[in-house]
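Dear colleague,

I am passing on the structure below, followed by notes on what was found in it. Please read the notes with the coordinates open beside them.

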Amino acid sequence: MRRKLVVGNWKMNGSRAANASLLAGIVAGLGTARAEAAVCAPAPYLAQCEQALAGSALAWGAQDVSAHAAGAYTGEVAAAMLADLGCRFVIVGHSERRAYHGESNALVAQKVLAALGAGLTPIVCVGETLAEREAGRTAAVVGEQLAAVLAVLDAASLARIVVAYEPVWAIGTGKTATPAMAQEVHAQLRAQLQDKQAEAGAAIRILYGGSMKPDNAAELMAQADIDGGLIGGAALKAADFLAIIHAA
Ligand code: PGA
């Protein structure tokens, strides 16, 4: 049985004051949740997460990482720095990074290696645009995105990743993939992972992301290969995020 994982992606939102009450609200409501839960905060607030969450059941992580270990890369943040701030997770290859920062499949693969090298769990995002879906290219696009990452991993490191399927047309739009549509892609990703390494591929968590909300989370996460969620908008309200965690 794969333990469900619910991860909040705050994107470029928050302030010290807002984060303090959001984090306190989430921790207070976690109770005996069976799912694992984490928040991925903007880099300047990771120290605040460490301070607020150390010793709690809520893990924290970052939204991006440099492919480089250290050196003359102005503005970038190294995986070892994230680990130094107690991060467990880092989102890699989010569609907003791919679209606005030109991140290629090859760069995403290098970032995954950097994250693993620092002991972090990379949450590898894949997903098709609306135009790609309408052209019938969903399977090919997400297949290529995942293949680029699998190509650089050995069996031991494969077991340490999390995958997130996020159809670009569903992110922040209120349009969710139906559970059946999402499961179809998740099953394809599962087969691809198992093809690389059967045991690790069966154990890897594949999250769904894209307008997951309290009212659709349970149905999505009831699908055979949907092992949790990567939550944007609904992760900014403690009550909504908690409802999704408890639905998992
Ligand atoms: P959303 O974002 O839940 O607001 O659609 C999800 C994501 O981009 O990770």
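The crossing of helices α7 and α9 is right-handed, the near helix being turned clockwise from the far one by less than a right angle; helices here are DSSP runs of H or I with at least four residues, strands are runs of E with at least two, and both are numbered from the N terminus. The model is a predicted one, in which local features need pLDDT of at least 70 and side-chain atom pairs count only at pLDDT 80 or more, whereas totals for chains, interfaces and linings use all residues. Residues are numbered from 1 along each chain as its sequence is written, and side-chain values use heavy atoms, with hydrogens and water left out.

Helix α7 covers residues 138-150 and α9 residues 179-196, and the two pack at an angle of about 35 degrees with their axes 10 Å apart (axes are lines fitted to C-alpha atoms, for helices over the stretch in contact, and angles run from 0 to 180 degrees between N-to-C directions). Residues of α7 including Val142, Leu146 and Leu150 meet a set in α9 that includes Val185, Leu189 and Leu193, contact meaning heavy atoms within 4.5 Å. By class, this contact has 8 nonpolar, 4 polar and 1 charged residues (Ala, Val, Leu, Ile, Met, Phe, Trp, Tyr, Cys and Pro count as nonpolar, Asp, Glu, Lys and Arg as charged, and the others, Gly among them, as polar).

Turning to the ligand, 13 residues surround it, the closest being Lys11, His94, Glu166, Gly172 and Ser211, where a residue counts if one of its heavy atoms lies within 4 Å. The shell has 4 nonpolar, 7 polar and 2 charged residues. Ligand oxygen atoms lie 2.6 Å from a side-chain N or O atom of glutamate 166 and 2.9 Å from a backbone N or O atom of glycine 233. The protein covers 97% of the 280 Å² of accessible area that the ligand has on its own (Shrake-Rupley method, 1.4 Å probe).

Lysine 11, in the loop between β1 (5-9) and α1, has a positive phi of about 55 degrees although it is not a glycine. Serine 211, in the loop between β7 (206-209) and α11 (214-221), likewise has a positive phi of about 55 degrees without being a glycine.

Best regards

Note on methods. A polar contact is a pair of N or O atoms within 3.5 Å; within protein, one must be able to donate a hydrogen and the other to accept it, and residues adjacent in sequence count only if both atoms are side-chain atoms.
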